[in-house]
Amino acid sequence: MRKYIFFIWCLFCCVFWIYCLEHSWNLNGKYLPKLGSFFSISTGFWQNVKSASKLARPQSESISEKGKVWFDEREVPHIMSDNLENAYFIQGYLHAMHRLWQMDFSTMAAEGRVSEIIGEAALDFDIHKRRKGLAESAKASVEVWKQYKETYALVESYSAGVNQFISELKESDYPIEYKIMNDKPRNWSPFRSSLFHKSMAEVLCGRDKDIELSNAKKFFGVDFDLLFPEEDLLTDPVIPKGTNWGFTMDTASSKVQEINDLDIGYIKLEREIPESGLGSNNWAVGKNKSQSGNPILCNDPHLTLNLPSIWYEQQILTPESNVYGVTFPGIPGVVIGFNKDIAWGITNAGWDVMDWYSIQWKDSSRTSYLLNDQWKNVEYRIENIVIKGRKTTHVDTVLMTHWGPVVYNLSDHPKTGLAMKWIISTPSQYCELDVFKDLNRGKNYEDYRSAISKFPYPAQNFAFISQQGDYALTVQGKMPIKLKTQGRFISNGSDTAASWKGFLPLEFNPHTRNPERGFISSANQKSTDHTYPVYYSDGDFRDYRGNMLNRFLHQKQKWSLEELRDLQLNNYSLQAETVLPLMINCLDTLKDKERPLLSTLKNWNYQYDSTELAPVLFDVWFKSLHLMVWDEITSDSTRKWIGIPSDQTTIQLFSKQPELKYYDLVPSSQIESLQDIIRISYDSLERKISMLDKEKSINWGRYKSAVIPHMARLPGFGITFLSANGTKDVLNAHAKTFGPSWRMAVELTSQGPVAFGVYPGGQDGRPGSKHYRSMVENWTKGKYYSLVFLNGSDDPRINSSK
């Protein structure tokens with residue numbers, strides 16, 4: 001009898017163990033993969049270890065039928081084909097071969113479908129994405145693309161290339177992220193390419209501050225304009241001062257009604273806003289300012305850094321064009337790059353194209369809202385969200401208004417909602433994919449202007465040079481015509497008078513061609529000076545980098561390619577140069593020997609070098625000072641939804657308003673002056689540095705502790721520490737989590753382009769591959785790779801290498 005009981009017990013254990021191995025397990029909203037499949041010798045992660053040690057290469061006969069591919073030593077593919085349609089098929093195949101999971105996951109995120117992959121932990125994320133309507137906008141764009149048959153055929157060919165790779169992929173070779181998440185690849189389509197475009201648009205125009213500034217205006221009252229100025233006369237704008245705009249507008253003197261006029265109190269809504277300082281640099285010099293007599297262009301877009309990297313390097317050679325640069329896995333063509341005739345680079349213009357409108361509900365049912373003194377019924381968009389591990393879907397009913405979707409309903413104001421009007425909800429009349437297709441084969445300034453005229457949003461600074469000698473910059477994108485202050489604060493959604501007044505004709509967008517100063521530049525500073533006839537508010541203009549860049553470019557009469565390239569690595573802080581002497585002067589009555597850190601600060605050259613202590617001291621000291629100045633808000637957790645003046649404005653107030661009442665500390669019974677809080681914050685600095693030094697010998701690299709995480713935050717697949725130069729307000733704008741995602745420098749010579757580039761990652765998105773993060777070390781050290789620009793399929797470099 002015991003034998004039978006033992007046998008039954010063993011059988012039960014075996015069945016139970018098999019069940020456990022073949023099922024995913026929900027652990028507080030996080031999922032373990034099917035451990036049996038994950039550890040399987042034939043299909044599990046062991047196969048990824050094996051395959052990652054090999055170079056990925058196209059296996060499909062369809063590739064050889066459509067062209068050929070040569071990989072250089074950094075795994076950069078050079079595609080050679082008889083026509084662009086075949087080349088884009090190969091590009092799609094290669095993107096999938098190296099970056100399939102990245103493409104799949106990023107577009108699932110844009111569509112609000114991450115819950116299908118990881119479970120309920122992503123539900124709030126998905127709800128927010130769906131309410132914003134990225135998928136709806138992507139669908140509308142695809143319908144526009146279909147009207148451009150030639151271009152739509154190209155994106156279909158690209159999609160077919162992606163799907164060809166997926167069809168050949170064995171389960172054992174699925175990227176390891178699929179196995180960890182118990183997931184599998186989904187087919188590609190033009191819709192998913194459109195989704196990727198919308199997700200990038202969201203990144204680049206998502207730093208609106210309407211809600212926080214509306215609260216700040218109510219809190220600071222008559223002081224608001226002093227503390228939050230729109231114009232800074234010290235700004236050196238993107239388009240040179242004194243430019244003749246050639247047109248006038250009559251809207252600047254009008255004013256739209258703001259939410260502050262409605263007396264509904266503070267909007268107590270805490271939300272995640274991307275870190276301030278995220279931006280980019282580009283600059284170019286003409287022949288007269290170049291040592292070689294050739295035009296030179298540099299570009300380094302600053303984005304959140306992840307692995308796999310957002311960029312994928314590539315060359316595409318066809319009879320129509322021969323172009324080299326970086327691409328987005330998920331979109332055909334080269335986004336930033338060059339051919340033998342032209343080069344171009346892109347930075348974010350920062351114009352605010354996302355506005356918030358207050359919605360006044362008739363009652364708690366939220367079925368109708370006030371518009372032009374009438375109650376208007378809402379429309380509904382039903383979102384069924386599939387959640388991994390749940391048998392039923394989560395249903396979210398999106399309330400649609402005249403302005404757009406209601407993204408937030410306010411608990412403190414049950415009869416008020418916030419609707420979002422976003423430029424991506426306005427379909428473009430052009431196919432935005434034509435922008436890069438036409439730039440890729442452009443030959444001159446006219447081609448450049450024609451190509452970028454089709455770029456819809458968000459506004460970008462397109463820098464340009466040509467072999468003919470032109471150097472130009474255009475602030476390109478659909479520019480809403482707004483009344484004065486419109487979009488800076490929450491607008492009154494009960495009155496259609498608060499609508500945008502159409503869009504600015506493209507010929508009036510700020511632009512410059514061959515300016516007399518001999519160069520063009522942008523670094524996310526304001527686009528124009530105050531004379532520009534159109535009102536526009538900012539999402540996040542940053543002036544220190546722009547002013548510093550223009551100072552450098554003015555200082556030399558002639559520049560070499562190497563000198564201009566090295567500007568991308570410059571760590572000089574104009575912010576520190578501006579404020580640190582004032583801060584130190586307030587301590588002059590103290591002896592250096594009594595303040596050992598003071599000597600380090602006095603001798604600092606304002607460079608954010610990773611091995612130096614001084615930038616740590618300044619960063620800690622100024623942040624502490626900034627918090628003390630605005631302690632009316634920063635010391636009160638119930639006021640965290642109120643905006644505070646920027647670093648730059650605060651520094652200017654130190655000089656212009658030395659007796660400002662806000663220097664007084666709220667908890668103190670005394671009345672503090674600016675000098676008092678500078679001394680108090682210095683005392684705080686000494687205590688903090690003493691604590692930091694107890695743990696380790698501190699320097700800027702250790703203090704900043706930069707990271708490049710895996711895009712799904714999977715442990716072990718990212719980089720948890722980098723000691724690197726730079727900070728957000730210097731030209732080398734590398735902060736803890738974001739930085740130069742691609743550094744490029746190009747000189748157009750009569751013999752062909754000479755170019756250098758590097759990005760913080762590698763071509764192969766498979767963890768474990770030798771090309772997964774192969775460029776990170778050189779990127780961190782400020783080293784570049786010479787970019788191999790093939791002249792054709794018979795280029796001798798093809799046969800002379802591996």
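A residue counts as buried when its relative accessible area is under 20%. In this predicted model, T512 has a relative accessible area of 9%, and it is therefore buried. T512 belongs to strand β21, which covers residues 511-513. Leaving aside residues up to four places away in sequence, the neighbours that T512 touches are I239, P240, Y471, A472, L473 and I520.

The chain has 802 residues, of which 60% are buried, and its secondary structure comprises 26 helices and 28 strands. When contacts between residues at least 6 apart in sequence are considered, 71% of them join residues that are at least 24 apart.

Among the helices, one pair can be followed in detail. Helix α9, made of residues 149-168, packs with helix α14, made of residues 433-440, at an angle of about 90 degrees, and the axes of the two helices are 11 Å apart. Because angles of 65 to 115 degrees count as roughly perpendicular, α9 is described as roughly perpendicular to α14. On the side of α9 the contact is made by E150, T151, L154 and V155, while α14 contributes L433, D434 and K437. Sorted by class, the residues in this contact of α9 with α14 are three nonpolar, one polar and three charged.

Definitions and conventions. Residues are numbered from 1 along each chain as its sequence is written. This is a predicted model: local features need pLDDT of at least 70, side-chain atom pairs count only at pLDDT 80 or more; totals for chains, interfaces and linings use all residues. Side-chain values use heavy atoms; hydrogens and water are left out. Axes are lines fitted to C-alpha atoms, for helices over the stretch in contact, and angles run from 0 to 180 degrees between N-to-C directions. Helices (H or I, at least four residues) and strands (E, at least two) are DSSP runs, numbered from the N terminus. Angles under 35 degrees count as roughly parallel, over 145 as roughly antiparallel, 65 to 115 as roughly perpendicular and the rest as oblique. Contact means heavy atoms within 4.5 Å. Ala, Val, Leu, Ile, Met, Phe, Trp, Tyr, Cys and Pro count as nonpolar, Asp, Glu, Lys and Arg as charged, and the others, Gly among them, as polar. Buried means under 20% relative accessible area, exposed over 50%, partly exposed in between (1.4 Å probe, protein chains only).
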